[in-house]
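Please read the points below alongside the sequence and the model.

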Amino acid sequence: MWRPSGTIEISESTKVKVTLKAGHSIGSVSIGKDESVVDIDVRDAVQQFLSSMEPEILISVATTLQQNPAVVTASFRPQPTVEEVRSTLENLQEAMKEFRHIMGDSSQQRLTVIRHGVAFSGLDARSKAAFSVLSGTFELLKQQKQRDQLVSGLARQLKRVLPFADEALKEAVEDNTDILQKAIGRLYILTLDVAEFFCDYVKRNRFKRLAKSIVSTRDQDKINELAGGFNEVTMDFDRAINVEMLKAVRSMEEKILLDRLQPIRSDYRLDRSCMEGTRVSLLAEIVKWAMRPITGGTQSGGSNVYWLYGIPGIGKTAMAHSICAQLHRQRRLGGTFFCRRDDSDLSDPKSILPTLAFNLAEMWAPYKKLVADKLRKDPKLTRHSADGQLFSHLLESLDNCPPHPLVLVIDALDECGDIRGRSSIISSLFDTSSRVKWLRIIVTSRQDSDIETCFNRFDGHYSAKDLANDEKAHEDIYLFTRSKLSFVASQCGLSNDWPGDRKVGEIVERSGGLFIFVETLSQLLEGGLNADSYLAQALSVGSG
């Protein structure tokens with residue numbers, strides 16, 4: 001077996017002939033001399049490649065030599081330059097998905113044209129422009145190799161820049177960094193130029209016999225121009241990054257300053273929200289109120305404070321968690337504070353405004369800068385010494401306001417502090433809402449006399465809802481009861497319709513509209529060995 005080394009670059013239309021010779025000569029006399037000529041069709045290799053997508057295609061042709069069987073096998077591989085260009089353009093098209101957010105329609109159309117050009121010029125994964133055949137030791141055409149190396153170098157240069165640009169773009173969009181966006185915009189246009197050149201280059205050279213090809217001065221000039229463009233963009237990025245590094249340092253400083261507020265972690269939880277299918281109408285009503293557009297009038301289309309109140313166990317906290325979840329999905333949730341009587345931090349009125357100020361600062365960068373400047377100028381200012389100045393006054397002094405309302409949610413205010421502390425918080429909230437028209441405030445609590453008195457002082461400047469007056473409450477309690485008892489039945493091995501419509505109705509009536517009654521009853525039944533007996537005992541208490 002004879003296995004030659006080396007490669008020859010050919011095009012799709014190249015005809016390959018392999019001549020096998022055998023025999024030897026003694027003097028001028030040939031003994032047993034024989035030869036066989038084999039034709040290898042490159043198009044067969046192309047077809048096999050398109051159907052199999054293997055990185056190497058073997059074409060074998062059988063013949064005879066000196067009356068013995070012989071096989072000629074040729075190996076075909078994609079030309080490295082074209083493969084590199086193809087993979088680069090694949091990466092480019094992926095990267096362009098990120099760039100689209102800051103580009104216009106004309107650039108979008110241009111990218112679509114390029115995408116079609118990629119397919120037509122043979123750069124997609126199903127088509128390759130040239131192949132190498134392993135045969136004898138043939139010297140590559142020097143000029144073609146030189147030109148291909150220039151194209152490959154340009155492709156590699158684009159590959160190096162794109163991943164960085166992709167990450168930089170994310171930072172630019174999130175942080176609204178104009179200088180970085182401008183550099184990315186220039187890179188976007190440059191990459192489109194490169195893509196168009198790649199398509200045109202391969203399309204023009206795809207069907208040419210490489211032996212007849214010559215170095216194109218136009219191609220070399222274009223490559224040099226594009227490479228120079230990359231160098232300029234790289235310098236732009238360097239300058240932009242230096243500016244962004246200064247901004248990053250300032251942002252870190254602001255974060256350190258804001259930590260002096262000692263915000264309390266008090267986030268909403270989906271698992272504490274209303275059961276799906278309940279409180280639907282009321283939730284829609286409150287969210288619509290919170291998200292109504294900002295107007296310039298004194299009332300901004302209505303009040304900016306909403307008081308949701310009711311007796312213990314009626315579902316105020318579940319409503320608060322559900323409201324927060326919906327506002328969060330709409331990017332309207334500005335901050336939360338869930339008061340708890342049994343938690344020293346969550347029951348301290350002095351924790352509420354600094355925590356909400358911190359939340360809003362995280363949501364709106366201009367306000368973050370104002371708060372940080374205030375803390376920088378007053379090193380002794382802390383959560384316990386801060387008053388409404390960090391909240392109302394700084395919010396009012398903002399030059400740049402959010403394009404849509406942001407909503408603050410305070411739950412269970414009745415569980416926070418004493419009468420004096422709650423009164424101070426309510427007054428600060430109303431003062432802020434009257435000055436800052438893009439801010440909405442939702443408060444939930446029991447209808448305690450001191451809280452009701454505070455709200456009544458601002459009569460006409462807030463919206464209110466007693467959960468006991470929710471028209472859909474009876475239906476919601478019924479759905480909630482059915483769901484809880486179905487779970488009990490599954491846990492205790494009872495029938496799906498347990499305990500029957502009559503007893504379900506009795507439980508709903510006994511609940512008095514309190515979800516906590518049904519919740520407590522279901523927990524009692526889950527832990528019992530005889531659910532029917534426990535249920536009968538529970539319903540008999542206080543009856544008759």
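**Notes on the predicted model**

1. Thr 63 is buried, with a relative accessible area of 15% (buried means under 20% relative accessible area, exposed over 50%, partly exposed in between, with a 1.4 Å probe and protein chains only). The residue is found in strand S4, residues 57-65 (helices, H or I of at least four residues, and strands, E of at least two, are DSSP runs numbered from the N terminus). The side chains of Thr 63 and Ser 36 are joined by a polar contact of 2.5 Å (a pair of N or O atoms within 3.5 Å; within protein, one must be able to donate a hydrogen and the other to accept it, and residues adjacent in sequence count only if both atoms are side-chain atoms).

2. This is a predicted model, in which local features need pLDDT of at least 70 and side-chain atom pairs count only at pLDDT 80 or more, while totals for chains, interfaces and linings use all residues. Residues are numbered from 1 along each chain as its sequence is written, and side-chain values use heavy atoms, with hydrogens and water left out.

3. The largest nonpolar core has 46 residues, and Ile 352, Leu 360 and Phe 391 are among those with the most contacts inside it (such a core is a set of buried Ala, Val, Leu, Ile, Met, Phe, Trp, Tyr and Cys residues joined through side-chain atoms within 4.5 Å). Helix H9, residues 349-363, gives the most to this core, with seven residues. Apart from it lies another core, of 22 residues, including Trp 289 and Ile 323.

4. The axes of helix H14 (residues 473-492) and helix H16 (residues 515-526) come within 10 Å and cross at roughly 5° (axes are lines fitted to C-alpha atoms, for helices over the stretch in contact, and angles run from 0 to 180 degrees between N-to-C directions). H14 is therefore roughly parallel to H16, a term for angles under 35 degrees.

5. Most residues other than glycine have a negative phi, and most peptide bonds are trans. Arg 279 has a positive phi of about 55° although it is not a glycine; Arg 279 lies in the loop between helix H6 (217-258) and helix H7 (280-291) and is buried, at 2% relative accessible area. Arg 331 likewise has a positive phi of about 55°, but Arg 331 is exposed, at 64%.

6. A cis peptide bond, with omega about 5°, joins Trp 498 and Pro 499. Pro 499 is found in the loop between H14 and helix H15 (501-511).

How values were computed
Angles under 35 degrees count as roughly parallel, over 145 as roughly antiparallel, 65 to 115 as roughly perpendicular and the rest as oblique.
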